[in-house]
Amino acid sequence: MSAVPLPPLPPAADDAYRPGGRSMADLADTEHRQLLDLVEQVTDPTLAVERRREVLQVLTATVSRHLSAEEQYLLPSARAALPDAGARVDREIAADAALLTVLKALRGPDDPTLADVVVQIRRHVTAVGALIVPLREVATDAELIRLGNRWEIAEEAAPTRPHPGTPATPPWNRIVEPAVGVVDKLRDAVTGRRTQLSDLTRRARR
């Protein structure tokens, strides 16, 4: 067994028990590809401004949810399981705050600071991807799936808007982020803001 820290879990029937769900590593890799695809869309000059504005809404919500789940589960796991990963994790937490700060200040797809957001997202994908590779090697499939199940629950409750001032490490982020997420979702419902990839798909089919 690895040193990956897990929330309290019911005892498994035996060491070969494999829970259902998706691996946290697979979820992170999938979301990183989605972020890169959204970056390509939001910077595509051939797309109408309104379409890029919608993509930016979804990108902002996706980044906010992704970083929330990552800081709750992936980064603490890497810190505990990977030798000498503490400094790298600290850098990622600081980089996350910087990304959320510039994303919060963004005024639209034609804002010049969008270029900074794009650079930071691409950097994030590369840096965190470099943590995922060794994490796969030291964590068992069952551990990564259990973490993946908690990742998905965390994203469901996560904020959909950037909040760089909220706690970025457990246990406080696991308490504060869902509360902030409730407020964000109420604002999204009132304003009709797009926050999911499926929102873009439905819009494109009309």
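Glutamate 70 is in contact (heavy atoms within 4.5 Å) with His32, Leu75, Pro76, Asp96, His124, Val128 and Trp151, leaving aside its neighbours within four places in sequence. This is a predicted model, in which local features need pLDDT of at least 70, side-chain atom pairs count only at pLDDT 80 or more, and totals for chains, interfaces and linings use all residues. Residues are numbered from 1 along each chain as its sequence is written, and side-chain values use heavy atoms, with hydrogens and water left out.

Glutamate 70 lies in helix H2, residues 49-81; helices are DSSP runs of H or I with at least four residues, numbered from the N terminus. The side chain of glutamate 70 makes a polar contact with that of histidine 124 at 3.3 Å. Such a contact is a pair of N or O atoms within 3.5 Å; within protein, one must be able to donate a hydrogen and the other to accept it, and residues adjacent in sequence count only if both atoms are side-chain atoms.

The largest nonpolar core has 24 residues, and Met24, Leu74, Leu75, Ile132 and Trp151 have the most contacts inside it. A nonpolar core is a set of buried Ala, Val, Leu, Ile, Met, Phe, Trp, Tyr and Cys residues joined through side-chain atoms within 4.5 Å, where buried means under 20% relative accessible area with a 1.4 Å probe, protein chains only. H2 gives the largest share of this core, six residues.

A second, separate core of 20 residues includes Val117. Valine 117 sits in helix H4, residues 114-138, and counts as buried because its relative accessibility is 0%.

Note on methods. Helices (H or I, at least four residues) and strands (E, at least two) are DSSP runs, numbered from the N terminus. Buried means under 20% relative accessible area, exposed over 50%, partly exposed in between (1.4 Å probe, protein chains only).
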